[in-house]
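Have the structure open while you read.

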Amino acid sequence: MAFIVFEGPDGAGKSSQALALLKQMESTGYPVILTREPGGTPLGESLRTVLKSSPAIEPLSELLLFLAARAELVETIIKPALTNNINVISDRFTASTIAYQGHGQGLNLTDITRLNQLVCSGLSPDLTILLDIPADLISSRKSKDTQDRYDSASGAFHSKVRQGYLSIASQETSQWLVLDATKPKATLSEEIWAKIRPLL
Ligand code: TMP
């Protein structure tokens, strides 16, 4: 069974590629679920609403809320699915916390890594697909009315997040696929499927 994660800055097109992969896997006959972070459980979806709608939360409080949502998702959805031979696709996972709260907000990377390990207790993605886009395109790819507080953060913040992602991907190259998210959607979906199919 495979645990596949999509990562990337806001507006990179993760959610539509995750959905395209879900449909591709379903139509090819593979058992699969799609989930997202923060979210994917009743508690996680409530925390998502809090995190997305609150104008300002202390970085440490924010970190702990993301981790609480993850702990619930790992224990009640992801681990049971994999145990029952169901593949899992997740729209964001641990690398989001390292990129946003670590590289973006400046919280300690070692602490975040340790907390991620505690929350995941041995679970790690088989493949993380990074949809990479230049920082100056990040907020322009979402319409103004669907932007939340992370989308409207400064270009400097998004640039740090992007560099964070690239740095993690360069340290774990065998478990990461980095794609240029400015390519057409269909081309990206084909590249993703070509990489995933042998893993299944
Ligand atoms: P999205 O899933 O619609 O992209 O929105 C989730 C937002 O939450 C996005 O701005 C990234 C942010 N986020 C973090 O800052 N840390 C995390 O650990 C996760 C999972 C998401």
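## A buried threonine and its surroundings

Threonine 97 counts as buried, at 1% relative accessibility. Keep in mind that this is a predicted model. You'll find threonine 97 in helix H4. Setting aside neighbours within four places in sequence, threonine 97 is in contact with Leu63, Arg70, Gly102, Ile112 and Asn116. Take asparagine 116 from that list: it sits 19 residues away from threonine 97 along the chain, yet their C-alpha atoms are separated by 8.4 Å.

How much of H4 is covered? Mostly covered is the answer, with 10 of its 11 residues buried. The buried ones are Thr94, Ala95, Ser96, Thr97, Ile98, Ala99, Tyr100, Gln101, Gly102 and Gly104. Those residues pack against S1, H3, H5, H7 and S5. After H4 comes glycine 106, with a positive phi near 85°.

| Helix pair | Crossing angle | Axis separation |
|---|---|---|
| H3 (residues 59–83) and H5 (residues 109–120) | about 30° | 9 Å |
| H4 (residues 94–104) and H7 (residues 155–171) | roughly 130° | within 8 Å |

At that angle, H4 is oblique to H7, and the crossing is right-handed. On the H4 side the contact is made by Ala95, Ser96, Ile98, Ala99, Tyr100, His103 and Gly104, which meet Phe157, Lys160, Val161, Gly164, Tyr165, Ser167 and Ile168 in H7. Sorted by type, the residues of this contact are eight nonpolar, five polar and one charged.

What about H3 and H5? Angles under 35 degrees count as roughly parallel, and H3 and H5 are therefore roughly parallel to each other. Their crossing is right-handed. Here Leu63, Leu67, Arg70, Ala71, Val74, Glu75 and Lys79 from H3 meet Ile112, Leu115, Asn116, Val119 and Cys120 from H5. This contact splits into eight nonpolar, one polar and three charged residues.

In soluble globular proteins, nonpolar side chains tend to be buried together. The largest nonpolar core in this model has 23 residues, and those with the most contacts inside it are Ile4, Phe6, Leu21, Ile89, Ile129, Leu131 and Ile196. Strand S1 (3–7), H1, strand S4 (127–132), helix H6 (135–138), strand S5 (176–180) and helix H8 (185–196) each supply at least two of the core's residues. Another core, of 15 residues, lies apart from it and includes Ile112, Val119, Val161 and Ile168.

Which residues does leucine 131 touch? Not counting residues up to four places away in sequence, leucine 131 touches Phe6, Glu7, Gly8, Pro9, Ala12, Gly13, Lys14, Gln17, Leu179, Ala181 and Leu188.

Lysine 14 is worth a look from its own side. It belongs to helix H1 (residues 14–28). Is lysine 14 buried or exposed? With a relative accessible area of 8%, lysine 14 is buried, because buried means under 20%. Beyond its neighbours within four places in sequence, lysine 14 is in contact with Phe6, Glu7, Gly8, Asp91, Arg92 and Leu131.

Isoleucine 33 is in strand S2 (residues 32–36) and counts as partly exposed, at 28% relative accessibility. Leaving out residues up to four places away in sequence, isoleucine 33 touches Leu22, Ile77, Ala81, Ile86, Asn87, Val88 and Ile89. Threonine 182 is 149 residues from isoleucine 33 along the chain, and their C-alpha atoms are separated by 26 Å.

The peptide bond from glutamate 37 to proline 38 is cis, with omega near -15°; proline 38 lies in the loop between S2 and helix H2 (42–53). Asparagine 85 is not a glycine but has a positive phi of about 60°, and it is found in the loop between H3 and strand S3 (87–91). Arginine 92, also not a glycine, has a positive phi of about 85°. Arginine 92 sits in the loop between S3 and H4 and is buried, with a relative accessible area of 11%.

Technical notes
Residues numbered from 1 in each chain as written. Predicted model: local features only at pLDDT ≥ 70, side-chain atom pairs only at ≥ 80, totals over all residues. Heavy atoms only, no water. Axes fitted to C-alpha atoms, helices over the stretch in contact; angles between N-to-C directions. Helix = DSSP H or I, 4+ residues; strand = E, 2+ residues; numbered from the N terminus. Parallel < 35°, antiparallel > 145°, perpendicular 65-115°, else oblique. Left-handed = near helix turned anticlockwise from the far one by under 90°. Contact = heavy atoms within 4.5 Å. Nonpolar A, V, L, I, M, F, W, Y, C, P; charged D, E, K, R; others polar. Buried < 20%, exposed > 50% of the residue type's maximum accessible area, 1.4 Å probe, protein only. Core = buried A, V, L, I, M, F, W, Y, C linked by side-chain atoms within 4.5 Å.
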